[in-house]
Amino acid sequence: MSHGVPEVLDLVEVPIPVPAADQVVVRVKAAGVNPIDWKLYSGSFHAIDDKYRDEAGVGADALPRIGLECAGVVTAVGEERGEVSIGDEVIVYPVTGAYADYVVANPGSLISKPKLVDWPAAGALMLTGTTAAHTLHAAGVRPADRVLIHGGSGGVGLMAVQLAADLGATVIATASEANHELLRGLGARPVTYGPGLIDRVRAAAPEGIDAALDLIGTDEALDTSLELVGNPDRVASIAGGPRRAEQGLKVIGNQPGADLGTEIRAAARPQLVEKLVQGRLRVVIAGTYPLEKAAEAHRAGIVGHAPGKLVLLP
Ligand SMILES: NC(=O)c1ccc[n+]([C@@H]2O[C@H](COP(=O)([O-])OP(=O)(O)OC[C@H]3O[C@@H](n4cnc5c(N)ncnc54)[C@H](OP(=O)(O)O)[C@@H]3O)[C@@H](O)[C@H]2O)c1
């Protein structure tokens with residue numbers, strides 16, 4: 001594989017992995033697709049920040065196995081596998097190389113998959129779910145807050161909208177017109193992004209905005225959030241350039257100088273599963289693809305605008 005467009009993705013045959021003492025092997029049933037998957041090989045990190053690539057363990061020439069989350073069935077275990085047994089149905093996150101028939105994982109990254117949760121939802125829940133939980137935490141969103149969510153129809157956005165609404169917050173979410181009905185169904189007041197956004201948000205939330213989540217990284221999202229919230233401490237961002245840190249926003253995730261939120265994200269994992277089982281959260285699936293169609297899934301993701309998650313079914 002080389003850097004470039006989705007066509008550079010290669011499907012290669014390798015032996016089924018054997019776990020080391022502190023590892024398990026999982027037969028992957030579903031793997032979630034995320035923008036970071038194509039950013040890692042598109043070369044876009046060079047444009048954003050070489051340091052980001054270094055911190056992500058992706059040197060200029062080191063090309064990664066793709067896929068950071070999945071769900072599947074445990075097929076082999078090392079001696080120090082803890083409570084994990086062969087045959088367990090599990091959600092695996094974080095992990096690397098999830099676009100595969102089999103993946104090697106650390107037992108600490110496994111969480112039991114309830115029977116009620118289907119494979120695509122299980123495989124696509126965690127990266128966006130934990131990011132959304134972390135972002136809401138970073139912006140200090142509380143019940144009765146009015147929160148503006150930029151990119152509410154995206155993978156992270158749909159999780160953030162549902163978690164905020166479940167908390168009791170009033171949610172104003174930006175999205176393309178075609179995704180407004182979906183957002184309304186999840187309890188949000190939808191607003192179209194683009195010129196005039198600030199007036200449309202004011203009209204949708206005349207009582208004002210207490211906190212904002214920038215899940216898209218545009219100047220429009222940044223400027224609108226700062227203007228409406230008035231306090232950068234209550235604005236959290238997961239994307240975009242250095243202006244965010246300069247303006248004092250809560251910058252989170254795996255970016256230089258950002259808060260990784262490791263403990264908050266770990267604590268969110270069982271809560272997300274519980275909410276899914278209780279019907280208080282759902283994973284909106286934009287499309288499923290066989291493993292060999294990963295490039296097609298990436299093309300769909302890059303074009304965007306279909307709400308929710310793309311999922312590979314090996
Ligand atoms: N820092 C972290 O920890 C972390 C974690 C996960 C993701 N991320 C990053 O966060 C970003 C979002 O991830 P995702 O998985 O939610 O992506 P996604 O599923 O592709 O969602 C993209 C969202 O952006 C909206 N959008 C598209 N063009 C826009 C524009 N010009 N102005 C405003 N909104 C626009 C889309 O709305 P419509 O489809 O309705 O047009 C959609 O809601 C990506 O850059 C990703 O790499 C960071």
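This is a predicted model: local features need pLDDT of at least 70, side-chain atom pairs count only at pLDDT 80 or more; totals for chains, interfaces and linings use all residues.
Q: Is strand 1 mostly covered or mostly exposed?
A: Strand 1, residues 24-33, is mostly covered, with eight of its 10 residues buried. Buried means under 20% relative accessible area, exposed means over 50%, and partly exposed lies in between (1.4 Å probe, protein chains only).

Q: How many bridges join strand 1 to strand 2?
A: Seven bridges join these antiparallel strands, strand 2 being residues 70-77. V24 has V77 as its bridge partner there.

Q: What about strand 4 and strand 13?
A: Strand 4 (residues 102-105) pairs with strand 1 over four bridges in the antiparallel sense, and V104 of strand 4 stands opposite V25. Strand 13 (residues 309-313) also runs antiparallel to strand 1, joined by three bridges; here V311 stands opposite G32.

Q: Which residues of helix 12 are buried?
A: In helix 12, residues 294-303, the buried residues are A294, A295, A297, H298 and G301. They lie on the same side of helix 12, because they cover an arc of only 155° around the axis. The arc is that of the directions from the helix axis to the C-beta atoms.

Q: What do the buried residues of helix 12 pack against?
A: They pack against strand 1, helix 1 (35-42), strand 12 (285-290) and strand 13. Just after helix 12, G304 takes a positive phi of about 75°.

Q: New topic: where is T192?
A: T192 sits in the loop between strand 8 (188-191) and helix 8 (197-204). Its relative accessibility is 24%, so T192 counts as partly exposed.

Q: What does T192 touch?
A: Not counting residues up to four places away in sequence, T192 touches A175, E177, H180, L197 and R200, where contact means heavy atoms within 4.5 Å. The C-alpha atoms of T192 and A175 are separated by 5.3 Å, although these residues are 17 residues apart along the chain.

Q: Which polar contact does the T192 side chain make with E177?
A: The side chains of T192 and E177 make a polar contact at 3.2 Å, and the T192 side chain makes another with the H180 side chain at 3.4 Å. A polar contact is a pair of N or O atoms within 3.5 Å; within protein, one must be able to donate a hydrogen and the other to accept it, and residues adjacent in sequence count only if both atoms are side-chain atoms.

Conventions. Residues are numbered from 1 along each chain as its sequence is written. Side-chain values use heavy atoms; hydrogens and water are left out. Helices (H or I, at least four residues) and strands (E, at least two) are DSSP runs, numbered from the N terminus. Two strands pair if DSSP finds at least two bridges between them.
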